[in-house]
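Trainee: I would like to learn how to read a protein model. Can we go through one together, feature by feature?

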Amino acid sequence: NAIIQSIAAVRQFIRNASNEGEVEAVLEAYERVKAAVCIDDLPLLMEAMKLPENNFWSRELIALLVAEIGGLDCLEDLLEALAAGFADGHDNNGLQSELTELAEREPEKCRRKLLELKARPNFKNQEAVEWLLTFIP
């Protein structure tokens with residue numbers, strides 16, 4: 001599938017370009033991917049978001065696509081990406097903004113999912129759950 005190959009190629013480019021500081025090129029590549037992806041690409045995007053060779057920016061840009069396409073159904077993985085970004089010393093402002101928008105757009109669904117995650121004894125992103133709950137009235 002050409003779109004899958006191009007997404008993989010652009011993800012690689014985003015990772016490389018962000019390491020080299022080519023901000024405009026990275027954002028152009030991101031916009032090309034954003035315009036091309038659809039729900040069928042969600043599994044590939046989820047996989048790409050979790051790759052250990054991601055740097056903070058490539059992970060966050062891919063997470064934004066995952067959030068846009070998968071929404072709250074991908075909340076656990078998005079919180080993991082958020083935690084990974086913080087561990088890398090990044091502020092995750094784009095991803096934080098997207099997560100708060102998801103919470104505000106579907107507050108009851110988000111609350112249910114967050115409380116389910118919070119109830120898991122081995123869920124390691126409890127702080128992120130508590131943080132996101134503060135955006136739900």
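**Reading a helical model**

Mentor: Start with packing: the buried residues of α8 pack against α5, α6 (93–105) and α7. Contact here means heavy atoms within 4.5 Å. Buried means under 20% relative accessible area, exposed over 50%, and partly exposed in between (1.4 Å probe, protein chains only).

Trainee: What should I know about the source of the model and its numbering?

Mentor: This is a predicted model: local features need pLDDT of at least 70, side-chain atom pairs count only at pLDDT 80 or more, and totals for chains, interfaces and linings use all residues. Residues are numbered from 1 along each chain as its sequence is written, and side-chain values use heavy atoms, with hydrogens and water left out.

Trainee: Which element has the lowest confidence, and which the highest?

Mentor: Confidence is given as pLDDT, the predictor's own score for each residue, from 0 to 100. Helix α1 (residues 2–20) is lowest, with a mean of 65. Helix α7 is highest, at 97. The chain has a mean pLDDT of 87, and 86% of its residues reach 70 or more.

Trainee: How many helices and strands are there in the chain?

Mentor: Helices (H or I, at least four residues) and strands (E, at least two) are DSSP runs, numbered from the N terminus. This chain has 8 helices and 0 strands. From the N terminus, the order reads α-α-α-α-α-α-α-α.

Trainee: What share of the chain is buried?

Mentor: Buried residues make up 43% of the 137 residues. The accessible surface of the chain is about 7,300 Å², and 53% of that belongs to carbon and sulfur atoms. Such areas come from the Shrake-Rupley method with a 1.4 Å probe; for residues, only the protein chains shown count as cover. Now look at contacts between residues at least 6 apart in sequence: 65% of them join residues at least 24 apart.

Trainee: Back to α8. Which of its residues are buried?

Mentor: They are A128, V129, L132 and L133. Seen down the axis of α8, these buried residues fall within an arc of 135 degrees, so they line one face of the helix. The arc is that of the directions from the helix axis to the C-beta atoms. Here is the general idea. An α-helix has 3.6 residues a turn, so residues three or four places apart point the same way.

Trainee: Is I14 buried or exposed?

Mentor: I14 is buried, at 4% relative accessibility. Its place is in helix α1. Leave out residues up to four places away in sequence, and I14 touches V26, A29, Y30, S58 and L61. Take S58: I14 and S58 are 44 residues apart in sequence, yet 5.9 Å apart in space, C-alpha to C-alpha.

Trainee: How many salt bridges does a search of the whole structure find?

Mentor: A salt bridge is a side-chain nitrogen of Lys or Arg within 4 Å of a carboxyl oxygen of Asp or Glu. The search finds 9. One of them joins E68 and K34, at 3.7 Å from N to O. E68 lies in helix α4 (residues 56–70) and K34 in helix α2 (residues 23–36), so the pair ties together parts 34 residues apart in sequence. E68 is partly exposed at 47% relative accessibility, and K34 is partly exposed at 31%.

Trainee: What does K109 pair with?

Mentor: K109 forms a salt bridge with D73, with the closest N and O atoms 3.3 Å apart. K109 lies in helix α7 (residues 107–119) and D73 in the loop between α4 and α5 (75–87), so this pair ties together parts 36 residues apart in sequence. D73 is exposed, with a relative accessible area of 56%, whereas K109 is partly exposed at 25%.

Trainee: And which residue forms a salt bridge with K118?

Mentor: E130 does, with the closest N and O atoms 2.5 Å apart. K118 lies in helix α7 and E130 in helix α8 (residues 126–133), so the pair ties together parts 12 residues apart in sequence.

Trainee: How do I read a pair of aromatic rings?

Mentor: A pair of aromatic rings is described by the distance of the centres and the angle of the planes. Rings of Phe, Tyr and Trp (its six-membered ring) pair if their centres lie within 6.5 Å; planes under 30 degrees apart count as stacked, over 60 as edge-to-face and the rest as tilted. The count here is 1 aromatic pair. The rings of W131 and F135 have centres 5.2 Å apart and planes at 70 degrees, so the pair is edge-to-face.
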